[in-house]
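The sequence and the coordinates are shown first, and the description follows.

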Amino acid sequence: MAHKTVGVLGGGQLGRMLAAPAALLDIDICFLDVGEHSPAKQVVAPKSADKAHVNGAFSDPAKIRELASRVDVLTIEIEHVNADVLEKVEPAMPLGVHPAPSTIRIIQDKFIQKKHLRQNGLPVSSFLPVESSKEALEDAATKLGYPLMVKSRTLAYDGRGNFVMRTASQAFEALTVLKNRPLYCEKWVPFVAEIAVMVVRSTTGEVRSYPAVETIHKDNICHLVFAPLRHRDPAVADRARGIAEAAVKSFEGAGIFGVEMFLLENGSIYLNEIAPRPHNSGHYTIEACETSQFENHLRAILSLPLGSTALKVPAAAMLNLIGASNDLEEIKSFATYAMSVPGVSVHLYGKGECRKGRKMGHTTIVADSDAELRARVRLLLEHLPGPRD
Ligand code: ATP
Ligand code: MG
Ligand code: MG
C-alpha cells in the first residue's frame, strides 16, 4: 500500500484516538485546529515541514485549503465545519473527502437531517420547522404537545442547543436561551432507554455495524455506555443495527458514523441523530472490539479492507471523565485509582484546563460477565469526582 496522508478537520480527543491506529498502520495524519497543542496535535510529530499540522479554525476557507494541499484525503472529527469549502476542494483531492460534503451538510442542520431520514423511510418522531417567535412555539406545542423539545438546527452538542418547553409560559425563556439560533421542534419521545450503533461505510457503499449499546446521559452529556445492549427481547438489538445500517446507507461517502436512537417501552425504535464521525458511544470499541471505530474509519476512507466489528469480550462499558470543577488534579487522581481496577483502561485527552462539563478523558471497562462488569463499574462510580455546585 502506497504511503498516504490523512487530513482531519478538528484536532480534539477524537483526532487523538484516530492517531493511534494511524501510527500502527503507518498512515501519516495532519490536523487542522485552532489549538497549536490541541489533544490530537500533541501525539503526532509531523514527518516533514510540508506535512505540518495547520493552526486555524475548521470553518476557515484558507486554512481548509492549506490542509487540503498537504494530504491525500480529507476527513472530519467534528461536523460543524465549512461544507461549502470541502465541496470546492474535493475534486482536487487524490482520495476525496469523506464522508461526502453533501452528507456533512445534511447532518449539520438537524432539521434537514430529520427530513432526510423521514424521506428515506426511516423511523423518526414528529418534528416541525419553527420561526423564532413566541406564537410559533406555542403553535408548534399545540400540534406536537408538551413537553415540547425545542432544538437549535445547527452547532449543537452535549444538549447545548436544546430547550424543553413544559408550558406555553416558557416560550420566551426558550427564545432567550436559544437566541440567534435557527430553530425547529420535536415531539417529546418517552423513551425507556437511549441506544446507539456505530456503522462503518466503505468507499464502495458496504456498511458494517457494531453491536448495539445502551447510552446513559447525565446533564445531556454521555456518561456511561454498556456494550452489548441487554434487552429481554434479543430482536431489539438486531433491529437497532438494521435501522442504523439503513440510515447510514442513505448517506454518501465513506467513514464511521454514530447513530443515536430512542428505545420505547413497546420495543419500537426512533432515530435521534447521526454523527458523521467517530462517536463517544463507540469509544468502547478500542478495547472491546476486533477493530476499533477509529481504525475502521481510517480503513474505510483509504479503501482498505474493513475490519471485523465483533465484540471480543463478553461485556464492556465506557465511563466518561467529565470535569466536575476546574480542578485537573481531581481527574488525574481518579485516573490513578482507575488503573488499580482490573479490566480498566484509562484514556486522558491531554486538555490543559479542566472545566465543569468538559470531556477530559474516559475509561473502558471489560469483563468476563455482566456481574463482573457491573462490580468494576460500581468501584469506578464510587470514586468519580462529584459536582461542586
Ligand atoms: P450530542 O452531544 O449527542 O451531539 P446534542 O446537543 O446534539 O447532543 P441531542 O442528541 O439532540 O443533542 O439531545 C440530547 C439529549 O436530549 C438526548 O440524548 C436525549 O436524552 C434528549 N432528547 C433529545 N431529543 C429528544 C426528544 N425528542 N424527546 C425526548 N428527549 C430528547
Ligand atoms: Mg448532536
Ligand atoms: Mg445527541
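## A strand pair and its neighbour

Isoleucine 216 stands opposite leucine 224 in β12. The model is predicted: local features need pLDDT of at least 70, side-chain atom pairs count only at pLDDT 80 or more, and totals for chains, interfaces and linings use all residues. Residues are numbered from 1 along each chain as its sequence is written, while chains are lettered from A and ligands numbered from 1 in the order in which they are written.

Strands β11 (residues 213-218) and β12 (residues 221-227) pair in the antiparallel sense over 5 bridges. Strands (E, at least two residues) and helices (H or I, at least four) are DSSP runs numbered from the N terminus, and strands pair if DSSP finds at least two bridges between them. In the hairpin of β11 and β12, 2 residues lie between the strands, and aspartate 219 takes a positive phi near 50°. Strand β12 is also joined to β15 (residues 315-322) by 4 bridges, running antiparallel; alanine 227 has alanine 316 of β15 as its bridge partner.

## The annotated span

An unreviewed UniProt entry lists residues 114-302 as "domain: ATP-grasp"; positions follow the numbering used here, feature names are shortened, and annotations may be inferred rather than shown by experiment. The span is 28% helix and 31% strand, and its end C-alpha atoms lie 29 Å apart.
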